[in-house]
Amino acid sequence: MTGGGPLLNGIGPDSERRSRRYLAAVLLGAAGGIDSFTGLAIVPLGPYVDIPSAEMFRLDITSWGWVRLVVGAATALAGLAVLVDRRATTVAAIVTATVGIGLGILLLPYHPLAVWMTATLAAVAIWLLVGQLRAASRLPASRV
């Protein structure tokens, strides 16, 4: 049951599993790259100034830029690690993508377009990777 063999427990042939893993790796790499570039764009900026009604607030999100840069790089590296096809790298990729989505939600008011792009890419990658984990748990031990 290799290559183009019949369906095994609803997983599909090995080439389909591999293509889903590659797609998840590309999506995580893209999400991590966008996060990293957004973080690089945030770091050199000065603080935001928000002037509601009669008060003025100075908002400095430079440190969040560094955090976003690091999380984006970790997400991109986790996307590369998915290609190894080990359970630990898949779980690490899911965790880093989830952290990236959470960080994006915190920064949504400042960079909404980048957050929506990375969150969508990461969510689809998580969906693909969770499907891989479920499929791997249904495989016989010799196939994992």
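Leaving aside neighbours within four places in sequence, which residues is Thr 38 in contact with? They are Arg 68, His 111 and Ala 114, where contact means heavy atoms within 4.5 Å. Thr 38 lies in helix α1. Thr 38 is buried, at a relative accessible area of 9% (buried means under 20%, with a 1.4 Å probe and protein chains only).

This is a predicted model: local features need pLDDT of at least 70, side-chain atom pairs count only at pLDDT 80 or more, and totals for chains, interfaces and linings use all residues. Residues are numbered from 1 along each chain as its sequence is written, and side-chain values use heavy atoms, without hydrogens and water.

Now the helix pair. Helix α1 covers residues 14–42 and helix α2 covers residues 62–81 (helices are DSSP runs of H or I, at least four residues, numbered from the N terminus). They pack at about 160°, with axes 7 Å apart. That makes α1 roughly antiparallel to α2 (angles over 145 degrees count as such). Among the contact residues are Ala 25, Leu 28 and Thr 38 of α1, and Arg 68, Thr 75 and Ala 76 of α2. The contact divides into 7 nonpolar, 10 polar and 2 charged residues; Gly counts as polar.

Next comes the largest nonpolar core, of 15 residues. Such a core is a set of buried Ala, Val, Leu, Ile, Met, Phe, Trp, Tyr and Cys residues joined through side-chain atoms within 4.5 Å. Leu 28, Ala 93 and Leu 129 touch the most other members. Helices α1, α3 (87–106) and α4 (112–138) each supply at least two residues. The largest share, 6 residues, comes from α4.

How values were computed
Axes fitted to C-alpha atoms, helices over the stretch in contact; angles between N-to-C directions. Parallel < 35°, antiparallel > 145°, perpendicular 65-115°, else oblique. Buried < 20%, exposed > 50% of the residue type's maximum accessible area, 1.4 Å probe, protein only.
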